[in-house]
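Trainee: I would like to learn how to read disulfides and helix packing in a model. Where do we start?

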Amino acid sequence: MQHSRMISLMHARSASCLLFWVLSACWTAAEVRGSQSEIPLSVVKLWASAFGGEIKSIASKYSGSQLLQKKYKEYEKSVRIEDIDGAKLVKNLAQNMEEMFRKKAEATRRLVEAAEEAHLQHEENPDLQYEYFNAVLINEVGEDGNSVELGGEFILEPNDHFNNLSVNLSLSVVQVPTNMYNKDPDIVNGVYWSEALNKVFVDNFKRDPSLIWQYFGSAKGFFRQYPGVKWHPDEHGVIAFDCRNRKWYIQAATSPKDVVILVDVSGSMKGLRLTIARQTVASILDTLGDDDFFNIIAYNQEIHYVEPCLNGTLVQADSTNKDHFKEHLDKLFAKGIGLLGNALGEAFTILNEINQTGRGSSCSQAIMLVTDGATAMYDDVFAKYNWPERKVRIFPYLIGRESAFADNLKWMACANKGYFSQISTLADVQENVMRYLHVMSRPKVIDHEHDTVWTEAYVDSAQLGENKGPNPMTTVAMPVFSTKNETKNQGILLGVAGTDIPIQELMKTIPKHKLGIHGYAFAITNNGYILTHPDLRPLYQEGQKRKKPSYSSVDLSEVEWEDTEDVLRTAMVNRRTGTFSMEVKRTVDKGKRVLTMHNDYYYTDIKGTPFSVGVALSRGHGKYFFKGNVSLEAGLHDLEQPDVALADEWTYCNTDEHHEHRHLTQVQAIKLYMTSRKPHLKCDRELIQQVLFDAVVTAPLEAYWTGLALNKSENSDKGVEIAFLGTRTGLSRTNLFVVPEQLTNQDFLTAEDREGVFNADHFPLWYKRAAEQVPGTFVYSVPFSSGENKSVVLASTAIQLLDDRKSPIVAAVGIQMKLEFFQRKFWTASRQCNALDGKCIISCDNEDIKCYLIDNNGFILVSEDTSQTNLFFGKVEGAVMNKLLLMGSFKKINLYDYQALCKEYAGSSDSARTLLDPFATVKWLLTELVIFLLEFNLYSWWNYDSTVKAQRAQRTMMVPCDTEYPAFVSERTIKETTGNIDCDGCIRTFVIQQIPSSNLFMVVVENKCDCSSTPPVTMEPIEIIYNESLKCDRLKFQKDRRRPQSCHPFHPEENPVECGSANALSFPIVAILFPVLYFLISR
């Protein structure tokens, strides 16, 4: 009985086990169908291996990488590897820059001395008649076929040294602003005596052929420029250029200053008066520079700060802050009564506190008063705050034609060492605003201090060539004084002499070969603004030649943004010498890829200038340099081969120092320098010796590539188009396997492909990326360009001298191949399998899977949908990319762009800088007194397109902004992985497998689930929006800056008698106005 129960129990257990096994099997099967990968990892690995082997074989073979590695290895024991001494490097660089700047300053000083002597010998003649070459009128012919007055025949010849503009190297030209009479006696006399500068211009250029534009900007408004060049008005027939509101003029003419602008917004200021007042304030702001500080207060019966958050303080007059205040000017409206006494008291209080705390310029101080009248003299206010020292100058601007209050306002100016001006029309604004500069310059003139000033980097649109893009420059300028004894205590400023220095000229002093592949040099001003830096962006928006605002105000902290404590910036602003280290994220390839590295910074000051210079060296291969030796004969022979080119923007020999060398190529200059006894050439002997070494070592590749090209059995389908190499000395070699006309991407390795060639501030992109790959592997990419350029693939690899971590990267080699050829190799590899019968259970041809080839930054090189080429993988497969990020196969790196442009929809209202519509103005004027006809703004008519207002509401505009955006990088340690994605209950599997010896990954994804509900992963930048509180904090916050050493706030011998008079329109302007008004009224 017991036995039978045991048997029964055993049967029951067996049945239970069987049932459990069946259920388990069913559950397991269900699980496999629902979640387990149906994409065999071994098959994907086979595909990846097959493709990797094939493509590396092609890249190695046609690039000649193994041959080049072997050739450098042959010299391994004879070369000498050196650590780069960053401190010594930056010291030598600073000395080279100092010498270059000194020569430009000397040229400017010669102009100043010649100008002052010429003026001293000149006697003013109000009846002087003198024909001069007017920059606008030269070579112009009248209706009678003869040259127009002030024109005449002026020989012009194209010159590549001056941006391919047609110039005259023997003579200068004179430009007079459109709103000035070019036969005004003051202008004619000034033009006459300044003719003496022609000889000095020519002599300076002979002494230093690297000079570009030299000029003299007169306090009377004319601008003498050498070499002579023709100026062309804009589409409105206007040349708005006035040398007196350029940064170089203002900085040289005056000392740093603190300015409070008081604007009357009482009820009497309504209408045109308020418009003129706004324009007056905007023009005053235009005369302030980065060494100045300001604030704007509007007043009626109360005091209103134009920017409320800046109550009781001053801000630096950089471009960003000035633009911010100009936008607020439109918000001013007139009402109530004006209580000027309270406003003056507030202004004096601010200036006194700023002076005591040292937060401003710590130099000159002024109050600008923009009003239509003052009922009292307010001597009690001046007695309390400003007398007897009179350290704060008062500059009243009387708005309108009424002169009832002119005496009070003029008394204020005279009693406080200022200047009174009356502004009746918009056309009067600029000329009257400029007058205060000459008053502020008096102490400097009496002291006879020719302070040398240097501007930030800027682009002068007046000097743009027709065939070249914008060329940033800095200017060295000095004031020119009247030295006549009878005018000494009047402190008469004659003008400012200046010389432009292209930043490109500055970069020629940088020894790029010593900085390594990722290293760079940079320079900043005393305000922390960038003079030169490889991350400083192009100045013009793509597709249109419109200068980006605030270019000269890009701060070092906005490009070296990883330095959150501003350690580097603070040290350089304070002109210290030292070192600093930090981990940085450097973007390449149009900002789409990121390289993470550790940089060591070395910095020092450039003596004789307000600039500091630094160099950044990346740790690892970037800290080592090696020297090899070859015979001069062999080196020159291999250097002169037709397939060799040297970096255009590197300086092997300075061919600009002597006119007879300007026609020489760098190779010709090297040969002259190395073979002549006294070549009078300045060359970098060390760089030349190493470029000769590289020429010899790389020479065998010419024969190797030629052999491949001649072998008809090789490359029969012309899939490989170009082989190329570059070395650490800027030498490159190329070989075409197809005729030039058949090249798929004809821009590659040309000046059009700026990131793909050696430049003054960077190595080629394919070189930089190859250097960060594992030695012996290739990096593949599709260029980020439009149109046909997408249809090629670049492959490159780095050549190391040694097999250890201290080895410098000596060269990089690569090939360009057709994208279609590259993709065909991929699809062929993805059809392989291990099946003995050749019948593969899976291939990329199957409809139930999708196959992609992506690179280490997540960009697609191969997809069944060819339109997806070069798209970011996350944009196409958002669910898979999200999973790869979660699994750690890729990581997201957040980056910041403080030089971005964002779209802004233009509103219908005019900006603060827009002048009145002339036709609306005339209609308003006709309802007023006839005398106000003279207040019509001719300047506005010239500069305003009546259709702009309607168009503005229909378009977007690009404005400066700050953005945050992501970049993505693969994790090197992860070679392969599988994953599952739950797409609304449907499980989708994928496999990612690294392609051997490359930066590529094969991604195979099941195609059975709809994952469209998962949002894509994009790289789109997001604008950083600052709330009002943060905006205010940013405005208030002042970064460290170093004040200019020179300061001339006042002088005891200064004669303040000349303190202004009411303004009246000159006859020529009146004569022009009446016909224009008649024409408009008759419409």
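Mentor: Start with the cut-off: a disulfide is a pair of cysteine sulfur atoms within 2.5 Å. This is a predicted model, where local features need pLDDT of at least 70, side-chain atom pairs count only at pLDDT 80 or more, and totals for chains, interfaces and linings use all residues. Residues are numbered from 1 along each chain as its sequence is written, and side-chain values use heavy atoms, with hydrogens and water left out.

Trainee: How many disulfides does a search of the whole structure find?

Mentor: In general, a disulfide is a covalent bond between the sulfur atoms of two cysteines. Here the search finds eight.

Trainee: Which cysteine does cysteine 363 join?

Mentor: Its partner is cysteine 1047, with an S to S distance of 2.0 Å. The torsion about that S-S bond is about 110°, so the disulfide is right-handed. The pair links distant parts of the chain, 684 residues apart. Cysteine 363 sits in the loop between helix 10 (340-357) and strand 12 (364-371). Cysteine 1047 sits in the loop between helix 29 (1028-1036) and strand 40 (1060-1061). Helices (H or I, at least four residues) and strands (E, at least two) are DSSP runs, numbered from the N terminus.

Trainee: Is cysteine 363 buried or exposed?

Mentor: Buried means under 20% relative accessible area, exposed over 50%, partly exposed in between (1.4 Å probe, protein chains only). Cysteine 363 has 11%, so it counts as buried. Cysteine 1047, with 29%, is partly exposed.

Trainee: Which parts does the disulfide of cysteine 902 and cysteine 961 tie together?

Mentor: The sulfur atoms of cysteine 902 and cysteine 961 are 1.9 Å apart. The link has 75° about the S-S bond and is right-handed. Cysteine 902 lies in strand 34 (residues 890-905) and cysteine 961 in strand 35 (residues 956-970), so the tied parts are 59 residues apart in sequence. Cysteine 902 is buried at 11%. Cysteine 961 is buried at 8%.

Trainee: Now the helices. At what angle do the axes of helix 3 and helix 20 cross?

Mentor: Two packed helices are described by the angle between their axes and the distance between the axes. Axes are lines fitted to C-alpha atoms, for helices over the stretch in contact, and angles run from 0 to 180 degrees between N-to-C directions. Helix 3 (residues 65-74) and helix 20 (residues 685-698) have axes that come within 9 Å and cross at roughly 125°.

Trainee: Which residues make the contact?

Mentor: Contact means heavy atoms within 4.5 Å. Helix 3 brings Leu68, Lys71 and Tyr72; helix 20 brings Phe693, Asp694, Val697 and Thr698.
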